[in-house]
Amino acid sequence: MRTIKLATLALVALTAAAGAALAGPVPNPGFDKLKTLAGRWETTMSDGKRATVSYEVVSAGSALLERIGGDHHADMEMITVY
């Protein structure tokens with residue numbers, strides 16, 4: 001009898017987890033607003049050097065890739081994933 005109860009409980013838990021996975025991602029208005037930055041941006045800093053940043057929506061829209069570089073970062077760039 002105890003085995004049947006445990007099996008039933010496991011089945012209920014798996015069904016609930018599968019339903020949550022099929023429901024899709026939870027909307028995130030803040031992240032959706034960040035994704036609108038997609039593109040390449042440039043500016044000239046107060047010391048006259050150029051700085052660039054680019055944003056790319058990746059991973060089927062679930063991540064935002066940020067690359068920062070410019071004249072002051074001639075041999076390197078910084079990458080951040082949100």
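R40 is exposed in this predicted model, with a relative accessible area of 56%. The side chain of R40 meets that of E42 in a salt bridge, at 2.2 Å from N to O. Salt bridges with shared partners join R40, E42 and R50 into one network.

**Overall architecture**

- From the N terminus on, the order of elements is α-α-β-β-β-β.
- Of the 82 residues in the chain, 13% are buried.
- The chain exposes about 6,500 Å², and carbon and sulfur atoms supply 65% of that area.
- Among contacts with a sequence separation of 6 or more, 12% are accounted for by residues 24 or more positions apart.

**The sheet**

**Strand pairs and hairpins**

- Strand β1 covers residues 39-44 and strand β2 covers residues 50-58; the two pair in the antiparallel sense over six bridges.
- Within this pair, E42 stands opposite T52 in β2.
- β1 and β2 form a hairpin with five residues between them, and G48 in the turn has a positive phi of about 90°.
- Strand β3, residues 63-70, pairs with β2 in the antiparallel sense over eight bridges.
- Y55 stands opposite E66 in β3.
- The hairpin of β2 and β3 has four residues between its strands, and S59 in the turn has a positive phi of about 55°.
- β3 and β4 pair in the antiparallel sense over four bridges, and I68 stands opposite M78 in β4.

- Side chains of opposite charge can pair when their charged atoms come close.
- E42 takes part in two of the contacts described here: a salt bridge with R40 at 2.2 Å, N to O, and a salt bridge with R50 at 3.7 Å, N to O.
- E42 has a relative accessible area of 47%, so E42 counts as partly exposed.
- R50 is also partly exposed, with a relative accessible area of 33%.
- R40, at 56%, counts as exposed because the cut-off for that class is over 50%.

- By the rule applied, the salt bridges in the model come to four.
- One of them joins the side chains of K35 and D32, at 3.6 Å from N to O.
- Both K35 and D32 lie in helix α2, residues 29-35, where they are three residues apart, about one turn of the helix.

- E77 lies in the loop between β3 and β4, the latter being residues 78-81.
- With a relative accessible area of 45%, E77 is partly exposed.
- When residues up to four places away in sequence are not counted, E77 touches R67 and I68.
- E77 and R67 are 10 residues apart in sequence, and their C-alpha atoms are 6.6 Å apart in space.
- The side chain of E77 makes a polar contact with the side chain of R67 at 3.0 Å.
- I68, which E77 touches, is also the residue that stands opposite M78 in β4.

Definitions and conventions: Residues are numbered from 1 along each chain as its sequence is written. This is a predicted model: local features need pLDDT of at least 70, side-chain atom pairs count only at pLDDT 80 or more; totals for chains, interfaces and linings use all residues. Side-chain values use heavy atoms; hydrogens and water are left out. Two strands pair if DSSP finds at least two bridges between them. Buried means under 20% relative accessible area, exposed over 50%, partly exposed in between (1.4 Å probe, protein chains only). Contact means heavy atoms within 4.5 Å. A polar contact is a pair of N or O atoms within 3.5 Å; within protein, one must be able to donate a hydrogen and the other to accept it, and residues adjacent in sequence count only if both atoms are side-chain atoms. Accessible areas come from the Shrake-Rupley method with a 1.4 Å probe; for residues, only the protein chains shown count as cover.
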